[in-house]
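Let's take a walk through this model, starting with its charged pairs and ending at its surface. Keep the viewer open as you read.

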Amino acid sequence: MMTASGWSANQFSSLLGVYRSELGLTESAATGLVAVYVLGLIPGLLAGGPLADRLGRRPVALTALAVNLASTAVLMAGTAATGWLLPGRLLTGLGAGALLAAGSAWVKELSGPPFVPGAAPGAAARRAGLFVSAGFASGGLVSALIAQWAPHPTMLAYVPHLLLAAGAWAAAYGAPETGGGPAPRTSPSGWDRARFRRAVLPLAPWVFAAPTVGFVTLPGLVHGVSGWRTVYAGVATAVVPGAGLLVQPLARRLAARHRQAAAVAGLAVVVAGFVLAAVAASGGQPVLALGTAAVLGAGYGLLLSFGLTEVAAIAPPERLARVTALFWTAAYVGMFTPYAVTLLSGTFGAAWLMGAGAVLAAVTCAGVTVLGRR
């Protein structure tokens with residue numbers, strides 16, 4: 001289910017070039033549809049978390065996956081009329097948001113006692129992020145390959161997600177419930193909001209600001225890939241979360257040494273990624289842009305791992321889904337970054353904007369380091 005959620009987000013990103021060339025969408029309209037996903041995702045997260053805590057993980061996650069599946073069918077209708085793309089992206093975000101909130105808590109709880117005796121709490125918390133990242137990587141690459149060589153790309157590229165989501169729904173239907181219902185009287189009345197504000201909230205937007213620059217912004221700035229731009233974009237969407245998956249062993253080692261180490265390391269890698277992005281944007285070199293995407297993806301992986309682990313430590317069981325939803329909401333605000341770059345690049349230039357991103361990430365890194373010591 002979590003893989004299907006990630007798949008639905010990135011299958012569209014790889015098709016932006018096709019929508020520009022075949023359906024006549026402008027650059028701002030195409031990147032705007034990427035941002036519209038977030039407008040649906042945030043209410044899905046904010047509603048899905050409390051509902052999953054109250055009603056249970058299972059009914060909310062299964063309903064959200066059904067909405068996610070339906071959204072892909074609506075996007076397929078956008079081939080005949082582009083007006084369907086906007087509601088399709090909104091529904092994608094709505095379903096994915098509720099699924100992230102309920103599914104992250106469900107996966108975390110199914111990955112620990114009593115279902116998996118002796119499981120490490122940190123590993124259980126990170127597992128949802130791993131499978132979402134796998135969906136990000138697979139969805140973008142598969143849809144790009146279909147779009148490059150198959151007929152009717154804006155239809156056929158969505159078929160794999162339909163099959164994956166339907167299969168995931170059937171497989172998860174029999175999974176046991178792990179939460180829901182009123183909170184026990186003896187449970188904590190709240191959660192550590194101060195720790196959330198200091199340790200998690202400042203870095204959360206960089207979780208998706210970094211990777212979306214890697215697979216949405218940079219592929220549109222490179223030169224010398226005409227005729228292969230769709231495949232190039234698909235490779236970029238796979239490289240970014242793929243790098244995020246590869247750094248997970250490092251994230252675990254850093255967390256074992258010091259809780260804030262993964263956060264500081266992740267932000268430092270993001271700073272380096274934006275510096276490289278400034279160089280790639282000015283030169284338009286495809287190989288350098290892919291290398292930059294990998295660096296940004298590594299930063300994404302470190303920050304996502306830290307954020308989900310911290311949330312699991314901060315939130316009591318009866319509030320886990322809603323606190324997880326708050327983290328995902330803050331993280332997905334970063335997905336507006338490519339749209340902001342598109343709007344501002346005519347005035348400031350993409351390279352300068354990437355440099356500004358590096359400065360902002362460095363300031364955040366310094367702030368997180370100071371707040372972490374407190």
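Which residue forms a salt bridge with Arg 57, with the closest N and O atoms 2.6 Å apart? That partner is Asp 53. A salt bridge here is a side-chain nitrogen of Lys or Arg within 4 Å of a carboxyl oxygen of Asp or Glu.

Before going on, some housekeeping: this is a predicted model, where local features need pLDDT of at least 70, side-chain atom pairs count only at pLDDT 80 or more, and totals for chains, interfaces and linings use all residues. Residues are numbered from 1 along each chain as its sequence is written, and side-chain values use heavy atoms, with hydrogens and water left out.

Back to Arg 57, which also meets Glu 109 in a salt bridge at 2.6 Å, N to O. Arg 57 sits in helix 4 (residues 57–77) and Glu 109 in helix 5 (residues 85–110), so this pair ties together parts that are 52 residues apart in sequence. Helices are DSSP runs of H or I, at least four residues, numbered from the N terminus. Arg 57 is buried, with a relative accessible area of 1%, and Asp 53 counts as buried at 5%. (Buried means under 20% relative accessible area, exposed over 50%, partly exposed in between, using a 1.4 Å probe and protein chains only.) Glu 109 is buried too.

Elsewhere, Glu 310 pairs with Arg 195, their closest N and O atoms being 3.1 Å apart.

Now for the greasy side. The largest nonpolar core has 110 residues, and Phe 327 and Tyr 332 touch the most other members. Helix 14 (residues 286–314) gives this core its largest share, 12 residues. Such a core is a set of buried Ala, Val, Leu, Ile, Met, Phe, Trp, Tyr and Cys residues joined through side-chain atoms within 4.5 Å. Leaving aside neighbours within four places in sequence, the contacts of Phe 327 include Phe 196, Leu 304 and Val 207; contact means heavy atoms within 4.5 Å. Val 207 belongs to the buried residues of helix 10. In helix 10 (residues 206–217), 12 of the 12 residues are buried, so this helix is largely enclosed by the rest of the structure.

Finally, look at Leu 156 in helix 7. Leu 156 is partly exposed, with a relative accessible area of 35%.

Conventions
Helix = DSSP H or I, 4+ residues; strand = E, 2+ residues; numbered from the N terminus.
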